[in-house]
Amino acid sequence: MAKISINLATGSFQQEEIIVGIDLGTTNSLVAFINPEKNPQVINDTGKGLLVPSVVHFNNMGDALVGNEAKEFLTTDPSNTIFSVKRLLGRSYKDVAGHQDTFSYKIIDDENDSLVKIKAGDKFYTPIELSAEILKELKARAEHALKTPVNRAVITVPAYFNDSQRQATRDAGRLAGLDVLRIVNEPTAASLAYGLGLDPTQQKTIAVYDLGGGTFDVSILAIQNGIFEVLSTNGNTFLGGDDFDRAIVHYWIEKNGLNKEELATDPILMQSLRLKAEEAKIALTTQNIYNEKLGEIWCSITKITFEELIAARVAETIDSCKQALNDAKLSISDIDEVVLVGGSTRTPYVKQAVASFFDRKPHDQINPDEVVALGAAIQADILAGNRSDILLLDVTPLSLGIETMGGLMDVIIPRNAKVPTKAGRQYTTSLDGQVNMKISVYQGERDLVQENRKLAEFDLKGIPAMPAGLPKVDINFLLNADGILTVQAIELRSGVKQEVDIKPSYGLTDDTVEKMLIDSITHAKSDVEQRMLIEARSEGEQLVYTAERFIEKHGVYLTADEISNTKEHIAALKTALGTAEKDDILKKADELNEFTRPFAERVMDVAVSSAMKGKSIDK
Ligand code: ADP
Ligand code: MG
């Protein structure tokens with residue numbers, strides 16, 4: 001398949017173009033490229049530094065600011081300053097509900113399985129849009145430093161990211177105006193940066209230990225014939241360098257006899273203490289003692305004390321390493337190489353703990369907070385065909401997927417996936433008693449199927465009549481080495497099954513592929529807007545349905561005022577649903593939700609107490 005580069009600034013095709021590698025991190029993001037000396041290098045846009053804090057601030061005009069400047073608003077305007085958005089990417093509210101405390105901004109609870117949204121000012125943003133802001137900033141910095149348009153990128157994700165998190169990352173790239181050639185696992189990129197996996201005759205087992213700002217993961221990889229396989233991953237998405245900073249802050253609070261309640265009401269002082277603690281932690285990487293003052297507060301700590309403070313957390317990471325080895329059915333002696341990733345592995349105590357557990361010196365020559373981006377740049381260079389020594393596998397040129405609610409494209413096999421490949425996802429019915437399901441298979445990068453190429457359509461017949469949402473229909477795509485796609489649909493409860501074979505490349509010219517790719521990037525913004533409107537509408541409609549049913553069933557537990565107010569909220573939402581105003585729909589839905597939440601709790605309480613009396617209220 002031909003490689004196409006599109007110069008979005010001029011609309012023309014370019015032959016030689018730089019493809020960048022991007023580490024889109026929870027705490028920090030960065031972009032790297034292969035310099036003219038053929039070495040990977042992190043882009044340092046004059047004076048701005050290598051690391052771009054993954055923080056987005058919105059002013060009251062809704063303009064976004066990204067990086068160090070945005071970070072300064074964390075204390076002064078916390079509700080409009082979004083950090084750690086990567087934790088929310090491709091997640092539903094249920095996934096993150098237990099952790100709302102860790103976010104200072106508002107995450108919308110729509111009480112269903114759809115993806116989370118974040119409220120800043122009067123607007124609602126998806127994590128995809130927020131990540132796109134970070135990617136836009138990285139793209140702009142790269143363009144400024146390299147003095148050339150940058151349109152193509154490889155982006156890294158944690159090895160444990162699922163399908164929907166990977167797809168969300170791709171979408172964020174597209175929304176930032178980037179053609180995302182491949183999503184690469186962070187541990188794979190880090191290994192590549194150390195040259196591991198570049199020799200196709202090499203066979204190795206690698207442990208990659210990644211301790212960042214707020215997350216920890218360890219991955220066990222096997223490389224064979226230049227292909228990386230993830231054997232296991234383990235970790236904790238709420239453990240990282242931030243915890244070390246917090247431990248130091250607590251230590252200083254105790255030592256100085258500060259009043260915790262008073263401090264809690266002074267976010268600016270708390271933030272200054274946290275920054276001071278990070279400074280101390282970094283100093284203790286190379287010194288044995290840190291000794292400073294913050295106003296009247298003594299900020300002093302020795303390396304030994306610091307190590308005592310973090311020992312338990314570090315021990316947890318080592319437990320994860322054990323677990324990962326167990327899951328991979330390997331022992332320490334099977335590991336050929338250990339790679340350190342993440343800024344927090346600079347702490348000598350962490351390094352020693354990893355070295356002593358794996359009983360070998362880990363790779364730490366490359367800066368651990370840059371190693372992933374550098375590896376991504378190497379992967380980009382391989383994809384650009386600049387490394388003749390490395391075999392490029394066949395890839396599928398366009399994404400393959402099916403039509404879901406509202407005519408949206410749901411990608412099952414993303415473009416540039418290695419062939420052969422298989423992937424699948426589970427769906428359900430939307431109507432009570434639905435016995436047939438139409439499955440329409442499409443190819444392309446647009447969000448609406450009508451803009452993509454239709455490949456096939458068939459009916460899965462004979463689903464036993466059940467309430468909506470109960471049937472489980474697995475749809476599996478299998479793309480073989482000859483480019484034949486087999487689509488199989490199977491309803492798991494009854495076993496009814498249907499299958500078709502398709503040749504996606506049939507009638508597809510290179511010109512068509514080029515055009516489809518350009519269209520997907522030029523329409524990315526309007527596509528995402530349409531997708532979000534469709535999603536907002538179906539969530540809103542669902543909520544109206546639930547709320548109306550609630551009043552019908554449980555109206556006796558509400559006062560007349562509560563009922564009429566609920567009805568007003570429902571009417572307001574219905575009016576919004578009749579418009580194309582996504583933010584208004586979400587706002588009205590949020591208001592209805594907030595208003596009715598206490599009623600649901602009340603009914604639950606009544607249900608519990610009447611259950612004790614042996615009655616059922618559900619009549
Ligand atoms: P992420 O992958 O989560 O985006 P990074 O790999 O950039 O994060 O790591 C950020 C963390 O590394 C922060 O907690 C930061 O304080 C920590 N860090 C950076 N430099 C050092 C250092 N010299 N010693 C200890 N920790 C450090
Ligand atoms: Mg990282």
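I took two strands as paired if DSSP finds at least two bridges between them, with strands (E, at least two residues) and helices (H or I, at least four) being DSSP runs numbered from the N terminus. This is a predicted model, in which local features need pLDDT of at least 70 and side-chain atom pairs count only at pLDDT 80 or more, while totals for chains, interfaces and linings use all residues. Residues are numbered from 1 along each chain as its sequence is written, and side-chain values use heavy atoms, with hydrogens and water left out.

Sheet. I found 4 strands in an open antiparallel sheet, ordered β23-β26-β27-β28. Because β23 (421-427) and β28 (497-502) are at the edges with a single partner strand each, one side of each has no neighbour in the sheet. I then looked up the pairing of β26 (residues 473-479) with β27 (residues 485-491), which is antiparallel over 7 bridges, and saw that Asn476 stands opposite Gln488 in β27.

Helix α12. I checked the length of α12 (residues 371-383): at 1.5 Å a residue its 13 residues should span 18 Å, and the end C-alpha atoms are 19 Å apart, which agrees; the expected span is 1.5 Å times one less than the number of residues. Of its 13 residues, 13 are buried (under 20% relative accessible area, 1.4 Å probe, protein chains only). Just after α12, Gly385 has a positive phi of about 80 degrees.

Leu88. Leaving aside neighbours within four places in sequence, I listed its contacts (heavy atoms within 4.5 Å), among them Val96, Phe103, Tyr105 and Pro127.

How values were computed
Chains are lettered from A and ligands numbered from 1 in the order in which they are written. Buried means under 20% relative accessible area, exposed over 50%, partly exposed in between (1.4 Å probe, protein chains only).
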